[in-house]
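Student: Please take a close look at one part of this structure and describe its surroundings. I would then like to see how other parts are linked to one another.

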Amino acid sequence: MILLHEKWQKLLSSSVTGNMVLVLVLSMLAFDVYCTQAFLENGNKIKSRTFLSPEFIMGPGSVESKTYYDIDFPRGHIALKSFNAEVVDQAGNPVPLFETYFHHWLVGKYYEHRPSDRNFTRNSGLCQGQILGQYFGLGSETRKTATDIPDPFGIEIGNPAEIPEGYQEKWYLDVHAIETRGVEDRLGCIECRCDLYNVTNDEDGNPIKPDYKGGLQCCYGETRCKLSRGFQGGKRSISLRYTVKWIDWDSSVIPVEIFTLDVTDTGKRLHGSTGISPENGCQVEYAVESCTATNAAGNGCVDIKRNNLTMPTGGYVIYAVAHQHVGGIGSTLYGQDGNIICTSKPIYGNGNEAGNEDGYIVGMSTCYPEPGSVKITAGENLTLESNYNSTNNHTGVMGLFYLHIAKQAPNMTFSHPPVQMHESIKGTTYAWSIVVFIGLAVTIAVAVRSWLKKRREGGYNPVPK
């Protein structure tokens, strides 16, 4: 026992990397450890399955914007625990963002009697009609943004009492991808600058207003971003590979509601109007103007957009995360009392491999408050703030915030906030084993903190051309 303690002390005095490896080995020897998927108190095991979306064909500069219905999805009365996705080629290899930029993917639910008779449902708010009504949805940050819902919570689906008689519950996938192989200006293409797409009308044939410089109106399906002169490249098939985790529904699961907040929400709901118009509800996107010399001296070229939003219902915040585009430097949601509910910041890549693409947002930090510790009341006025670097213009940016809210808190206490990956680790009850485990946890925490700091110190850098 004394020899083990002396070795442990030597390990802790070594480098961070050495600590992680050696202490991990030591803890494996000290523990009778086994890792399992998360369980609720009643032993309800998490199930997991990976699916592939239908293939879509992408050529240099092309845009795919399409909704696929009746996608593969878990069935039955269940509680969803996470939804993770990434873009892959025909061989199953991850496709980097600098080749195919995933502007967004959205997954939602509908009830179908027959293909011509679909009844779409949506999340709990706040936007009008079906605008931002998805259950899950991310963009370039999809590979490194946690979506796990901690126990004992889950998103309830497949409840027979909620499915209209004669209908089936089904799911759709909406994808918006931009192929940037060979394009003249990668950043301009992924920000959907109208001059690079050479369009004057939107997808519905309506003229685009002269002051609209870029965004979703200019990069719809079958448009093409300007290619570099002389570039030749072939078409290829890609898919969205997505993994869904769930548990069977039972009385121990506490349901969560999904809310999507939009910093561009006007707060107005025109009677009978469910679409987007300048006066009606969520605008989804906005433009960031480049800063002047005066602004640069005052706030360091940061565009700050704030909006007040009223929550129709209340509950406890279980999970929160923001969605921003390239140029984003973070978003914060405040309660009516001014206290921070969640701050979510982008993680920018600094390499060439998929999931770490230089200059792209490859992840967003998430918030997992201790269950029962953060409550929003019905009718509470929240403040949403979205910050972008404004050294240069940005078109078609977004400032969304996703919330999972539970009506009730669990009848249990947590000594620590739930972790993002739900694995339970059991070991022997030897006191010295516990000490080694604590040492391992501290060492990893220090290493991870150092790694995150290094990755975020550089902040936003423009997407390489």
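Tutor: Leaving aside residues up to four places away in sequence, Arg186 touches Phe98, Thr180, Tyr360, Val463, Pro464 and Lys465, where contact means heavy atoms within 4.5 Å. The model is predicted, so local features need a pLDDT of at least 70 and side-chain atom pairs count only at pLDDT 80 or more, while totals for chains, interfaces and linings use all residues. Residues are numbered from 1 along each chain as its sequence is written, and side-chain values use heavy atoms, with hydrogens and water left out.

Arg186 belongs to helix H3, residues 186–190. Helices (H or I, at least four residues) and strands (E, at least two) are DSSP runs, numbered from the N terminus. Arg186 is buried and yet has no salt bridge. Buried means under 20% relative accessible area, exposed means over 50%, and partly exposed lies in between, for a 1.4 Å probe and protein chains only. A salt bridge is a side-chain nitrogen of Lys or Arg within 4 Å of a carboxyl oxygen of Asp or Glu. For charge, Lys and Arg count as positive and Asp and Glu as negative, whereas His and the chain ends are not counted. The nearest side chain of opposite charge to Arg186 is Glu99, 7.1 Å away.

Other charged residues do meet in this way, and the count comes to 19 salt bridges. One of them joins Glu112 to Lys170, with 2.8 Å from N to O. This pair links distant parts of the chain, 58 residues apart: Glu112 lies in strand S6 (residues 100–114) and Lys170 in strand S10 (residues 168–179). Glu112 has a relative accessible area of 8% and is therefore buried; Lys170, at 12%, is buried as well.

Arg193 forms a salt bridge with Asp185, the closest N and O atoms being 3.1 Å apart. Arg193 also forms one with Asp195, where the corresponding distance is 2.9 Å. The burial of these residues can be stated in turn: Asp185 is buried at 12%, Arg193 is partly exposed at 27%, and Asp195 is exposed at 53%. Elsewhere, salt bridges that share partners join Asp70, Arg75, Glu112, Arg118 and Lys170 into one network.

Covalent links come next. The structure holds 6 disulfides, a disulfide being a pair of cysteine sulfur atoms within 2.5 Å. One of these joins Cys127 and Cys282, whose sulfur atoms are 2.0 Å apart. With -90 degrees about the S-S bond, this link of Cys127 and Cys282 is left-handed. The two cysteines lie in distant parts of the chain, 155 residues apart: Cys127 is in the loop between strand S7 (117–120) and strand S8 (136–138), and Cys282 is in the loop between strand S12 (254–262) and strand S13 (286–288). Cys127 counts as buried because its relative accessibility is 7%, and Cys282 because its value is 0%.

A second disulfide connects Cys194 and Cys218, with sulfur atoms 1.9 Å apart. Its 65 degrees about the S-S bond make the link of Cys194 and Cys218 right-handed.

Cys291 lies in the loop between S13 and helix H5 (293–299), and Cys301 in the loop between H5 and strand S14 (302–310), so the pair ties together parts 10 residues apart in sequence. Cys291 is buried at 19% relative accessibility, and Cys301 is buried at 9%.

Finally, consider Gly59, in the loop between strand S3 (56–58) and strand S4 (63–68). Gly59 counts as buried because its relative accessibility is 5%. The C-alpha atoms of Gly59 and Glu179 are 6.6 Å apart, although 120 residues separate them along the chain. With residues up to four places away in sequence again set aside, Gly59 touches Glu179, Arg181, Arg224, Gly234 and Lys235.
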